[in-house]
Amino acid sequence: MTDLQDTRLMNTYPPQPVTFVRGVGSVLWDDAGRQYLDFLSGLAVTSLGHAHPAVAEAVCVQAKTLLHVSNLFGTEPQRQVAATLDRLIGAGSGRVFFCNSGAEANEAAIKLARKWAGPGRHVVVSAYGSFHGRTLATLHATGQPAKHEPFQPLPEGFRHVAWRDIDQLAGCIDPTVAAVLLEPVQGEGGVNPAGAEYFQSVRALCDERGVLMIVDEVQTGLGRTGAWFGFQHYGVLPDVVTVAKALGNGMPIGACWARDDVAAAFVPGDHATTFGGQPLATAAARAVLATMEAEDVPARARNAGAYLAAGLEKLPEVKAVRGLGLLIAVELDEGKDAGRVAAAALDAGLVVNAVTPTALRLAPSLLVTEAEMDDAVGILERVLGALGAS
Ligand SMILES: Cc1ncc(COP(=O)(O)O)c(C=O)c1O
């Protein structure tokens, strides 16, 4: 344990086993000078790796140029990032609201859906096993009842259906429903892809019933799954898309995109945030998106994801490997405790996490090299072997 345990931090996270002080690419160093391979990327955030020179330079230049003026005035990076996101989402006719996190992006989407649908149609339907954030509304949208209990009563207007069950969803959409909110791959729920058939059926159902299809791309967006956005694997275009995590490569930023006519439901005074879209965060995001396009990160994630999954599948203690691109879960053999394996991997110099009690999550930088993937698979092989033998 480190000195951090003696700080005045609230007790919202488990004890922090390591204090990191520096990172470059896929490599992190702790306060004792030990080196680690980062295959978690701050929970799918540092998709371009640590201290990416283009992002670091953009942040430094912007910090010396203009830090903040509020949303009462225009700033250039904000407009440029909105235009790029709109182009990458593939509609070319949407609008973006900037905020500071994934939960805030989903809050914006929920408020927008309510405003768009009008009085009496305010319910948002999401799936069991989902994760959409920790604010009161996004916590209720999150389909994990155990997380709700200590905070009841939560804001009214949320319903949950079984994941990938189109009949249950159809039965749940009554005239009070404004929107359906889904992840293309349930990330925190265990890295479970929705699949093209389900997403296409959801799109058709939303069209038929006149409700919005909101896709939460907070964890999956911006190349992680091998496409710019997870929904693009499934051949659908949502009405609203939320992003965060990788957009700033570590600078806090979130965004809610909506089709033009849906976005038009918001008028001045409906929604706002002091920091959302401010120049430092959007200058970082502008550099992130430019670098991602130059590197063609979706193709890199597809290729690297296939390479990494093939290496992981060969490990004797691995039951199954699932996911899309470089968002991967490794389901361990019966009797293996993923938390124990993740802790042992950290001791051995590899950062991953236990996404379920029996599965590890791997989300390395999208610029990860084959040599780094070989090293990571080698560390896991040794760790699994040692734990199996103990
Ligand atoms: C799919 C999804 N939505 C929303 C969130 C919440 O994002 P944040 O922690 O930035 O509020 C997360 C975070 O893990 C997520 O994975």
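About 60 Å³ of space lies in the largest cavity of this predicted model, and the structure holds one cavity of 30 Å³ or more. Here a cavity is a set of points, on a 1 Å grid over the protein atoms alone, where a 1.4 Å probe fits but cannot get out, whereas a pocket is an open set with protein on both sides within 12 Å along at least five of seven lines; lining residues have an atom within 4 Å of a point. Grid points are joined across faces, edges and corners, and a volume is the space filled by probe spheres set on the points. The largest cavity is lined by 13 residues, with Ser70, Asn71, Gly277, Gln278 and Pro279 nearest its centre. By class, this lining comprises four nonpolar, nine polar and no charged residues, where Ala, Val, Leu, Ile, Met, Phe, Trp, Tyr, Cys and Pro count as nonpolar, Asp, Glu, Lys and Arg as charged, and the others, Gly among them, as polar.

Because the model is predicted, local features need pLDDT of at least 70 and side-chain atom pairs count only at pLDDT 80 or more, while totals for chains, interfaces and linings use all residues. Residues are numbered from 1 along each chain as its sequence is written, and side-chain values use heavy atoms, with hydrogens and water left out.

The second largest pocket has a volume of about 830 Å³. Its lining consists of 28 residues, of which Gln78, Val96, Phe97, Phe98 and His271 are the closest to its centre. Two or more lining residues come from each of helix H3 (76–89), strand S4 (94–99) and strand S12 (254–259); helices (H or I, at least four residues) and strands (E, at least two) are DSSP runs, numbered from the N terminus. The largest share, four residues, is contributed by S4. The lining of this pocket has 14 nonpolar, eleven polar and three charged residues.

Around the ligand stand 13 residues, of which Gly102, Ala103, Asp216, Gln219 and Lys245 come nearest; a residue is near if one of its heavy atoms lies within 4 Å of the molecule. Helix H4 (residues 102–117) supplies the largest share of this shell, three residues. Three nonpolar, six polar and four charged residues make up the shell. A backbone N or O atom of Ala103 lies 2.8 Å from an oxygen atom of the ligand, and a backbone N or O atom of Phe131 lies 3.3 Å from a ligand nitrogen atom. A polar side-chain atom of Lys245 is placed 3.1 Å from an oxygen atom of the ligand. The protein covers 81% of the 390 Å² of accessible area that the ligand has on its own (Shrake-Rupley method, 1.4 Å probe).

Two backbone features were also identified. A cis peptide bond, with omega about 0°, joins Gln152 and Pro153, and Pro153 is found in the loop between helix H6 (145–148) and strand S6 (158–161). Val191, in the loop between strand S8 (185–186) and strand S9 (192–193), has a positive phi near 60°. Most residues other than glycine have a negative phi, and most peptide bonds are trans.

Definitions and conventions. A polar contact is a pair of N or O atoms within 3.5 Å; within protein, one must be able to donate a hydrogen and the other to accept it, and residues adjacent in sequence count only if both atoms are side-chain atoms.
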